[in-house]
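Hi everyone, thanks for coming.

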Amino acid sequence: MKQLFINIKELLQVRDEPVEKLSGAEMKELPSLKNAWLLIENDKISDYGEMNSLPEINADKTINAEGKIILPSWCDSHTHIVYAGNREQEFADRINGLSYEEIAKRGGGILNSAKTLQETSEDEVYEQSAKRLEEVMKLGTGAVEIKSGYGLTEEGELKMLRVIKKLQQNYELPIKATFLGAHAIPKEYKEKPDAYLNLVIDQILPKVAEEKLAEYIDIFCEKGYFSVDDTHKLLSAATKFGLKPKIHVNQFNAIGGIQAGIEHDALSVDHLEVMRPEDIESLKGTNTMPVALPSCSLFLSIPYTPGREMLDAGLPLALATDFNPGSTPSGNMNLVVSLACIKMKMTPEEAINAATINGAYAMELSETHGSITKGKKANFILTKEIPSYTFLPYAFGTNSIESVFINGKMLE
Ligand SMILES: N=CN[C@@H](CCC(=O)O)C(=O)O
Ligand SMILES: [Zn+2]
């Protein structure tokens, strides 16, 4: 099936020569074609160009995109979309003065979600999660990573990962699975946290690997959760099973998680709200993608990742939602892109690069997603009629998306 889009006001993120990721000043460039056409064949991008050089094409369907922009769909490389229930009571508690840390200390937070997850059937968790996945796809997400981490028992963690697997089987967009058994210390292990980490490493991890339920390993490296030593221990064990690290670091405290991640050649280090000069230095010249989660900063009223400073230091940067029931009950990448511009002082070009090609890199999908390149998957957003691409982050909260295509198929 050949679909031809004509009169596209602007075709964004056009990369004839595919790139893996973009860093520093490279992120300022967002290559595009004005007054363009785009041909997709079945699930792939087949060709594109400017309208004045449109060849004769025998298309099955021609779509007039006058006044509209086409850009690659968002690549959301950090989410916790699979969970059960919600935590709106904690939201109200925070408004009334409790902090995220205080709520966690009282047994709320991640442990609250773990209890609900354990008490909810696998089918019900699937139904709730599928609904959220469909919601974010409509908002333009065309590739997503999903973590476990609300099970915190062998049964609970495997349940979550099986739900992710079922989502992978039932939806067309690429879904990458991450094992986050080391997300918090369960109540029963409060006095013996090492025993919980040992359980994760010796009992759950081998099963996850054996059943091929995850590609990546994650840990919440943070005061009150897991230490840098724990991080080394887990990552050493997991990399032996072939799981690559994508880890939670520097959310509230900088304790050396970035350096631990780099030592184990992490694919990404995520959060980064608290960055020391040495953390920026350590990331230079590595393969590790720093990932910022600005809607988490918005929701928790914590600092934003110093994106401007990091880009000016020559680093790459990806943007993701962190969609989860506690710190970011939103999977809206459009809002993330707006926040990156408004709060992190990233330009629209930098933010769109960070949310497309660099997000793809943080899921090892750069070869197939994240740009308009011949042969890549036809996963893209068709906007409504808008004045320019800068309008997307500028008009925050406005839905500028007319339709979303995944593997060449328009979402209903
Ligand atoms: N920080 C650790 N994990 C999640 C939040 C988990 C929760 O509060 O449920 C995050 O990335 O923000
Ligand atoms: Zn997270």
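I will start with some ground rules, then turn to the ligand and the domains.

This is a predicted model, where local features need pLDDT of at least 70, side-chain atom pairs count only at pLDDT 80 or more, and totals for chains, interfaces and linings use all residues. Residues are numbered from 1 along each chain as its sequence is written, chains are lettered from A and ligands numbered from 1 in the order written, and side-chain values use heavy atoms, leaving out hydrogens and water.

So, which residues come nearest to ligand 1? Of the 15 around ligand 1 (a heavy atom within 4 Å), they are Tyr100, Tyr150, Gln251, His271 and Ser327.

Now for polar contacts, meaning pairs of N or O atoms within 3.5 Å. Oxygen atoms of ligand 1 lie 2.6 Å from a side-chain N or O atom of Tyr150 and 2.5 Å from one of Ser327. Gln251 brings a polar side-chain atom 2.6 Å from a ligand nitrogen.

On to the domains, whose bounds come from an automatic or database assignment. Domain 1 covers 2-72 + 371-410, and domain 2 covers 75-361. Their centres, taken over C-alpha atoms, are 30 Å apart.

Note on methods:
Polar contact = N/O pair within 3.5 Å; in protein donor to acceptor, adjacent residues only side chain to side chain.
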